[in-house]
Amino acid sequence: VVLYFLLLFVCLVAYHIFFMLFVWSYWKTIFTLPMNPSKEFHLSYSDKESLEREPRGESQQEVLRRAAKDLPIYTRTMSGAIRYCDRCHLVKPDRCHHCSVCDKCILKMDHHCPWVNNCVGFSNYKFFLLFLAYSLLYCLFIAATDLQYFIKFWTNGLPDTQAKFHIMFLFFAAAMFSVSLSSLFGYHCWLVSKNKSTLEVFRAPIFRHRTDKNGFSLGFSKNLRQVFGDEKKYWLLPVFSSLGDGCSFPTCLVNQDPEQASTPGGLNSTSKNESHLFPAKPLRDSQSHLLTDTPSWSETSAKAEKGKVGMSNPALTMENET
């Protein structure tokens, strides 16, 4: 009898822990507002007027070139141009996309989820992962504790009341949700391990010299820390601990040699005399330590960039992207 009540107590505690974490992470996923690009990525009033006044072509690109020269922008459109949103009137940061449902640009957008009625992006991606994890654990726990009664249902071991149909429905619902959630959670775990978003799986990011589907991957450990943060005590809690500001990201192409890189089809080629590399520090200080083991990291480049938003990149070619 004592063992039975002890087991019942453990099950009740485990159930309520899974339930509270599930509701907490679900709440945070729904009500955390997606982050939008900061004001430095928006065109100034004069730039907007110049852009509207100039015809499409080199004149318009020159306006955008001036606006984007000091921004940490290293991804391109398929034609090799800077990614510009003519609805939000801003230069898109890396990994930022315009959501047609929210009608705004979302930092590190993964997808717009109808189940949470919100965009999943930089500000709530960790919460979304925890929501999947805890909902999966919650469903597995219910299915496991209900299994013995489900077996008794088919062996006529339960009293002949309507309650037995509730047991059958509960088991089937928990089991089916467990299957669907396990596949979705496994997929997003793979995305985290590769430092990709759902959008980047379907369309790989295009960098200055080539398309690279693993351009943002820094290795499993660093990819994990970029989403969950450095302090492990916060990893399992739905509190924001992701690294960075969502506007700039470290890239494995930080040491790419432009003389050796091949230019993919559809991208504008660059001059052979051009010596501009991917900057040694193309990200905010909050993420810079992810690259501290990179050989080319230098104190000189760090001092040169102190107080600046990003590296100047005047060799970019640009055009509007809807």
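**Buried cysteines and cores**

Reply: This is a predicted model. Start with cysteine 113: its relative accessible area is 5%, and it is buried.

Me: Why is cysteine 113 called buried?

Reply: Buried means under 20% relative accessible area. Cysteine 113 has 5%, so it is buried.

Me: What makes cysteine 99 count as buried?

Reply: The cut-off is again under 20%. Cysteine 99 has 2% relative accessibility, so it counts as buried.

Me: How do you know whether cysteine 113 is bonded or too far for a bond?

Reply: A disulfide needs two cysteine sulfur atoms within 2.5 Å. The closest cysteine sulfur to that of cysteine 113 is in cysteine 119, 9.7 Å away, so it is too far for a bond.

Me: And what about cysteine 99, and how many disulfides are there in the whole structure?

Reply: The search finds 0 disulfides. For cysteine 99, the nearest cysteine sulfur is that of cysteine 119, at 3.2 Å. The limit is 2.5 Å. Cysteine 99 is therefore in no disulfide.

Me: Which residues touch the most other members of the largest nonpolar core?

Reply: That core has 23 residues, and Leu43, Leu51, Leu71, Ile73, Tyr84, Val91 and Cys105 touch the most other members. Helix α3 (58–68) and strands β1 (83–85) and β2 (90–91) each supply at least two residues. The largest share, 3 residues, comes from α3. Apart from this core lies another, of 20 residues, including Val116 and Leu136.

Me: Why would such side chains be buried together?

Reply: In soluble globular proteins, nonpolar side chains tend to be buried together.

Terms used. Residues are numbered from 1 along each chain as its sequence is written. This is a predicted model: local features need pLDDT of at least 70, side-chain atom pairs count only at pLDDT 80 or more; totals for chains, interfaces and linings use all residues. Side-chain values use heavy atoms; hydrogens and water are left out. A nonpolar core is a set of buried Ala, Val, Leu, Ile, Met, Phe, Trp, Tyr and Cys residues joined through side-chain atoms within 4.5 Å. Buried means under 20% relative accessible area, exposed over 50%, partly exposed in between (1.4 Å probe, protein chains only). Helices (H or I, at least four residues) and strands (E, at least two) are DSSP runs, numbered from the N terminus.
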